[in-house]
Amino acid sequence: MAKNEMFDINDNLKILRRKLQGSYTIAINKHEITVDVLNGVQLVVFGAPRAMFSEAEFNCLHKYIDLGGSVLVMFSEGGEKELHTNINYLLEEFGIMVNSDYVLRTHYYLYFHPKECLVKDGVVNEAVAKYLDRENENTSKCISFVFPYGASLNVAKPAAPILTSGSVAYPLNRPLCAFYSASKYSNKAKKGKLAVIGSGHLLTDKYINWEENDKIREILFDFLITNNITLNEIDANDPESNTPYYCMVLKNALASAGKKNKARITLALTCNMTGTIKNHFPIQKK
């Protein structure tokens, strides 16, 4: 939507475009986001926007999701701060916020650059294993993927984390991809969906065929466009990635602190837990 996206189907997402254009009509919008622009569009993709959104555009996108539209938002390392955008304003309405951080591999393994993070134990929802027909495997290890040059997320209800950084990448066990489905949390006949992934590089021509990154692509688009993926309720309500590492450290300190220091530690915990929308392309079913 004329937001100067980092990822473009005519540049670094050509393989993704080829995989989608057989089943869907793909178009690039270069105008302001309006109701008329989104009318009849099944999925809107923001490839890491590098421009600010207006309040009118946020309202339009929120209404689009409420009425059943689907949105995919890609990010890159450094989050909003590096991209100079304000899309978190919209995402927070659905329980998702992208951090202004960098996900790093803590030691060398297969891939030279520390920001090319190989994650082998990052799945936190059984819906992924079920979709891949790997339910007999350890859910967290049912898929391996490379998460390059990305940021972590904060996720709360009504959204649910799907992929995390696992036990090796830093920050540890933090959400990297999250889903929101309106129909799961509303009695109304709403079908809108939102997916956010902290690294759009994962879907680029360079990385989409690394490890099982193309399977991540399938999961993202099948969730947003079809009804083939239903989130596991237990995992969605109690994911392993709910509590950041620094919060666990503070909680442990709080449990063992004396009365004199407890108020100070409680204040620190509260402060640390407090969190402060494009060259996109809409997709229509042929």
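Colleague: Where is the place of Asn173?

Modeller: In this predicted model, Asn173 sits in the loop between strand 10 and strand 11.

Colleague: Is Asn173 buried, partly exposed or exposed?

Modeller: Buried means under 20% relative accessible area and exposed means over 50%. Asn173 has 36% relative accessibility, so it counts as partly exposed.

Colleague: Which residue has a positive phi of about 55 degrees?

Modeller: Asn4, again not a glycine. Asn4 belongs to the segment before helix 1. Its relative accessible area is 46%, so Asn4 is partly exposed.

Colleague: Back to the loop. Where does Pro171 lie?

Modeller: Pro171 is in the loop between strand 10 (169-170) and strand 11 (175-181). That loop also holds Asn173.

Colleague: What kind of peptide bond joins Tyr170 and Pro171?

Modeller: A cis bond, with omega about 0 degrees.

Colleague: Is Pro171 buried or exposed?

Modeller: Use the cut-off of 20% for buried. Pro171 has a relative accessible area of 17%, so it is buried.

Colleague: Which residues does Pro171 touch, not counting those up to four places away in sequence?

Modeller: Asp101, Tyr102, Val103, Ser152 and Ser165. Take Asp101. It is 70 residues from Pro171 along the chain, yet their C-alpha atoms are separated by 9.1 Å.

Colleague: What joins Lys157 and Pro158?

Modeller: A cis peptide bond, with omega about 10 degrees. Pro158 lies in the loop between strand 8 (153-155) and strand 9 (160-164).

Colleague: Now helix packing. What describes two packed helices?

Modeller: The angle between their axes and the distance between the axes. Here, consider helix 1 (residues 14-21) and helix 7 (residues 213-225). Their axes come within 12 Å and cross at roughly 50 degrees. That angle makes helix 1 oblique to helix 7.

Colleague: Is the crossing of helix 1 and helix 7 left-handed or right-handed?

Modeller: Right-handed.

Colleague: Which residues of helix 1 and helix 7 meet?

Modeller: From helix 1, Leu16, Lys19 and Leu20. From helix 7, Asp214, Arg217 and Phe221. The residues of this contact divide into 3 nonpolar, no polar and 3 charged.

Colleague: Where does Thr204 lie?

Modeller: Thr204 is in the loop between strand 12 (193-197) and helix 7. Its relative accessibility is 5%, so Thr204 counts as buried.

Colleague: Which residues is Thr204 in contact with, leaving aside neighbours within four places in sequence?

Modeller: Phe7, Asn12 and Leu13.

Colleague: Let us turn to a strand. Which strand contains Val73?

Modeller: Strand 3, residues 70-74. Val73 has a relative accessible area of 1%, so it is buried.

Colleague: What does Val73 touch, not counting residues up to four places away in sequence?

Modeller: Phe46, Ile87, Leu91, Leu194, Ala195, Val196 and Ile197. Strand 12 spans 193-197, and among the contacts of Val73 are Leu194 and Val196.

Colleague: How many residues along the chain lie between the positions of Val73 and Ala48, and what separates their C-alpha atoms?

Modeller: The two are 25 residues apart along the chain. Their C-alpha atoms are separated by 6.8 Å.

Colleague: What separates the C-alpha atoms of Thr34 and Glu57?

Modeller: A distance of 6.7 Å, with the two residues 23 apart along the chain. Thr34 is in the loop between strand 1 (24-26) and helix 2 (35-38). Its relative accessible area is 30%, so Thr34 is partly exposed.

Colleague: Now the whole chain. How many helices and strands does the protein chain have?

Modeller: There are 10 helices and 13 strands.

Colleague: What share of the protein chain is buried?

Modeller: Buried residues account for 52% of the 286 residues. Val73 is one of the buried residues. Thr204 is another buried case.

Colleague: And the accessible surface of the protein chain, what does it come to?

Modeller: About 13600 Å². Carbon and sulfur atoms hold 49% of that surface.

Definitions and conventions
Residues are numbered from 1 along each chain as its sequence is written. This is a predicted model: local features need pLDDT of at least 70, side-chain atom pairs count only at pLDDT 80 or more; totals for chains, interfaces and linings use all residues. Side-chain values use heavy atoms; hydrogens and water are left out. Helices (H or I, at least four residues) and strands (E, at least two) are DSSP runs, numbered from the N terminus. Buried means under 20% relative accessible area, exposed over 50%, partly exposed in between (1.4 Å probe, protein chains only). Accessible areas come from the Shrake-Rupley method with a 1.4 Å probe; for residues, only the protein chains shown count as cover. Axes are lines fitted to C-alpha atoms, for helices over the stretch in contact, and angles run from 0 to 180 degrees between N-to-C directions. Angles under 35 degrees count as roughly parallel, over 145 as roughly antiparallel, 65 to 115 as roughly perpendicular and the rest as oblique. A crossing is left-handed if the near helix is turned anticlockwise from the far one by less than a right angle, and right-handed if clockwise. Contact means heavy atoms within 4.5 Å. Ala, Val, Leu, Ile, Met, Phe, Trp, Tyr, Cys and Pro count as nonpolar, Asp, Glu, Lys and Arg as charged, and the others, Gly among them, as polar.
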